[in-house]
Amino acid sequence: MNPNKALWEKGDFTRIAQSMRESGEALVADLGMTKGLKVLDLGCGDGTTALPAARLGADVLGVDIARNLVEAGNRRARELGLTNCRFQEGDATHLDGLKDRTFDLVMSIFGAMFAPKPFDVAREMVRVTRPGGRIVMGNWIPGDPTLVAQLLKISAAYSPTPPEGFVSPMTWGIEKDVIERFAAAGVPEGRIAFAQATYTFNFPGPPAEFVTVFRTYYGPTMNAFEAADKSGRVADLQRQLEDLFKAQNRSSRKDLTSIPATFLRVTVAL
Ligand SMILES: C[S@@+](CC[C@H](N)C(=O)[O-])C[C@H]1O[C@@H](n2cnc3c(N)ncnc32)[C@H](O)[C@@H]1O
């Protein structure tokens, strides 16, 4: 099986996404959704950004490589009575079945960054966006001191060495790499804007419980624990993650963990 698909179907990202809903809504509210705007949400998960976009009237297609997340997204859309939002399986590296110049807005919030072959991903996002349309990406930043960059760094340190030729998803958080990828897709640098922004994770429980959610449901952390188990380092990994989550927590309530995480917002005007 495609290892990229296997990684995201292994866990259940809906359990993490539940802590990201407020920030997803806030981000979408800032993207100028209008009735009938044709939106593609790439690497949409269970709809953290797709569903708020549809609630604001956009006509939304969510595409994700993980079958379980596509099913969860369609279920949530049905429960919310949103007929202008549907989810389907697809791969950001080759968006088969999606026609050229279709969407007014292609958004990908911590989604397409996890696909392999970043040059193919940039080319596909540009291909399906109409002239005059926009691409908006949210990408975690390598070396950033906040939660997700650190979590992925720690997880990678315990995981098996990636295969030859592997390109780290975190490179989507480096401006010069983003420029190079879109340049190869025919987009001049002047059409790309960068800004740092914040996503806040809100979890109804203490930090150590939030670590357990990642350990149980988040593919990259699950893999790290599996590898740590083989090398007898599970307790070290658990301690490192608990320290990280506690240090990053900004809530003083026992029943709430609230962790802001910095990301790179990329806007491409076509
Ligand atoms: C960190 S989650 C973010 C999900 C969602 N955008 C959100 O903000 O809740 C990454 C998502 O990217 C999806 N993904 C990873 N590789 C992909 C690919 N090649 N094509 C499409 N989706 C992909 C995963 O299945 C997962 O749903």
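Let's begin with Cys44, a buried residue whose relative accessible area is 7%. Keep in mind that this is a predicted model. Cys85 is buried as well, with a relative accessible area of 6%.

The structure holds zero disulfides. For Cys44, the nearest cysteine sulfur belongs to Cys85, and it sits 8.0 Å away. A pair counts as a disulfide when the sulfur atoms are within 2.5 Å, so at 8.0 Å Cys44 is in no disulfide.

Now for the ligand. Which residues come nearest to it? Of the 19 residues around the ligand, those are Asn4, Gly43, Asp64, Ala92 and Ile109. The shell as a whole divides into eleven nonpolar, six polar and two charged residues.

| Residue and backbone atom | Ligand atom | Distance |
|---|---|---|
| Gly43, backbone N or O | nitrogen | 2.7 Å |
| Ala92, polar backbone atom | nitrogen | 2.9 Å |
| Ile65, backbone N or O | nitrogen | 3.2 Å |

How much of the ligand does the protein bury? Taken alone, the ligand exposes 600 Å², and 99% of that is buried by the protein. The space that the ligand takes up is the largest cavity.

Notes:
Residues numbered from 1 in each chain as written. Predicted model: local features only at pLDDT ≥ 70, side-chain atom pairs only at ≥ 80, totals over all residues. Heavy atoms only, no water. Near = heavy atom within 4 Å. Polar contact = N/O pair within 3.5 Å; in protein donor to acceptor, adjacent residues only side chain to side chain. Areas by Shrake-Rupley, 256 points an atom, 1.4 Å probe, with all protein chains shown as cover. 1 Å grid on protein atoms, 1.4 Å probe; cavity = no way out; pocket = protein on both sides within 12 Å on 5 of 7 lines; lining within 4 Å. Sits in = over half its atoms within 2 Å of the grid points. Nonpolar A, V, L, I, M, F, W, Y, C, P; charged D, E, K, R; others polar. Buried < 20%, exposed > 50% of the residue type's maximum accessible area, 1.4 Å probe, protein only.
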